[in-house]
Amino acid sequence: MLLYWITTKKIKTREELATMLKRDFSTIYRWLRAYKKGGITLLLTVKKAPGKAPHIPPEVREKLIKKLQEPQGETSSGKLQLWLEKECGIKVSYKVVHDLVHYKLKADLKVPRPQSNKANEEVQASFKKKLCELIKVMIKYFGNSKPVRIWCQDESRFGLITMQGRMITLKGVKPIGKKQWKRGNFYIYGVVEPATGEQYYQEFSQLNHNCFQEFLNGFAQKYSDYFNLIIMDNGSFHKALLLDWHDHVMPIYLPAYSPELNPIERLWSHTKKDLKWENYSSLDKLKEQVDIIIKSLTNQEVLSLCGWDYILEAILSAGS
């Protein structure tokens, strides 16, 4: 419209153009200067303000992202603030760090998976890599021509002391969990087959080699038609000299302090998620609920929880 009115000579002054176009006089002057300098191209070019320089430079931001990609992570935005100052020489406010980490990088506080400080990561990696060869050796020297099945075994404690966990509430609402400190507990001994999701459980009042022997006897009887290799931890009662291992049941021991290599640990966490913040009046009531939860587990559900790649790959390679 500006160029049209000037070309047709309907409007002759800048003041009139400003009035007709309802723009400030300085805006009309700036448009005309742009057209005189660069024609219609420059006049229609939209310029964006460069904006405020970021508090955290791009190269430092990349370092921060790499740090947050590490499983060890960090415990608070305050510690990340100190890390930026110490490692990168960048001094910024807590709000800047929190907004970047929480809103832009979408990084939140999570419940970490505990790992013993005595765990040897090199030994763990070697176990994963050599599990296939270990299975082959066990089959070669101890196999009895029966079909081979690979299991993972562990025990879990269930007690009347209230299990704690996170709760969902609206923003600004502080969750409150009612907790009791009643005595009483029992143990579930279990095995799962990562390749199929099949399960076997028994309930015991204690955690010792006598109960474990009874568990082994029941398992061996049920799966007597197979040669069963059971991956388990180094618990003292798992290695008790008095244990009577059946000919078709043999253990494969995990590296020391490495429960995270046993997929059945994930199954225990899954069974306990609906028990959090529940207060049971008696051990019998708790046993009833745990029994309901375990019996409701399908093989497909267990397979999705325990079908870990490193075990399945070892099983497939050992069988090929």
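The dialogue below covers helix packing, salt bridges and a surface patch in a predicted model.

Trainee: What conventions apply here?

Mentor: Residues are numbered from 1 along each chain as its sequence is written, and side-chain values use heavy atoms, leaving out hydrogens and water. The model is predicted: local features need pLDDT of at least 70, side-chain atom pairs count only at pLDDT 80 or more, and totals for chains, interfaces and linings use all residues.

Trainee: At what angle do helix H5 and helix H6 pack?

Mentor: Two packed helices are described by the angle between their axes and the distance between the axes. Helices (H or I, at least four residues) and strands (E, at least two) are DSSP runs, numbered from the N terminus. Axes are lines fitted to C-alpha atoms, for helices over the stretch in contact, and angles run from 0 to 180 degrees between N-to-C directions. Here H5 (residues 77–88) and H6 (residues 94–104) pack at about 110 degrees, with axes 9 Å apart. That makes H5 roughly perpendicular to H6 (under 35 degrees is roughly parallel, over 145 roughly antiparallel, 65 to 115 roughly perpendicular, the rest oblique).

Trainee: Which residues in H5 and H6 meet?

Mentor: Ser77, Gly78, Leu80, Gln81 and Leu84 in H5 meet Tyr94, Val97, His98 and Val101 in H6, where contact means heavy atoms within 4.5 Å.

Trainee: How many salt bridges are there?

Mentor: Side chains of opposite charge can pair when their charged atoms come close. A salt bridge is a side-chain nitrogen of Lys or Arg within 4 Å of a carboxyl oxygen of Asp or Glu. The count comes to 7. One of them joins glutamate 193 and arginine 149, at 2.6 Å from N to O. Glutamate 193 lies in the loop between strand E2 (185–192) and strand E3 (199–204) and arginine 149 in strand E1 (residues 148–159), so the pair ties together parts that are 44 residues apart in sequence. Salt bridges that share partners join Arg149, Glu193 and Glu198 into one network.

Trainee: Are glutamate 193 and arginine 149 buried or exposed?

Mentor: Buried means under 20% relative accessible area, exposed over 50%, partly exposed in between (1.4 Å probe, protein chains only). Glutamate 193 is buried at 6%, and arginine 149 is buried at 11%.

Trainee: Which residues form the nonpolar patch on the surface?

Mentor: Patches are made of residues with over 30% relative accessible area and no salt bridge, like charges being joined within 9 Å and nonpolar side chains (Val, Leu, Ile, Met, Phe, Trp, Tyr) within 5 Å. Tyr35, Ile40 and Leu44 form this one, with about 310 Å² of accessible area together (Shrake-Rupley method, 1.4 Å probe; for residues, only the protein chains shown count as cover). Tyrosine 35 lies in helix H3 (residues 25–43) and is partly exposed at 39%.
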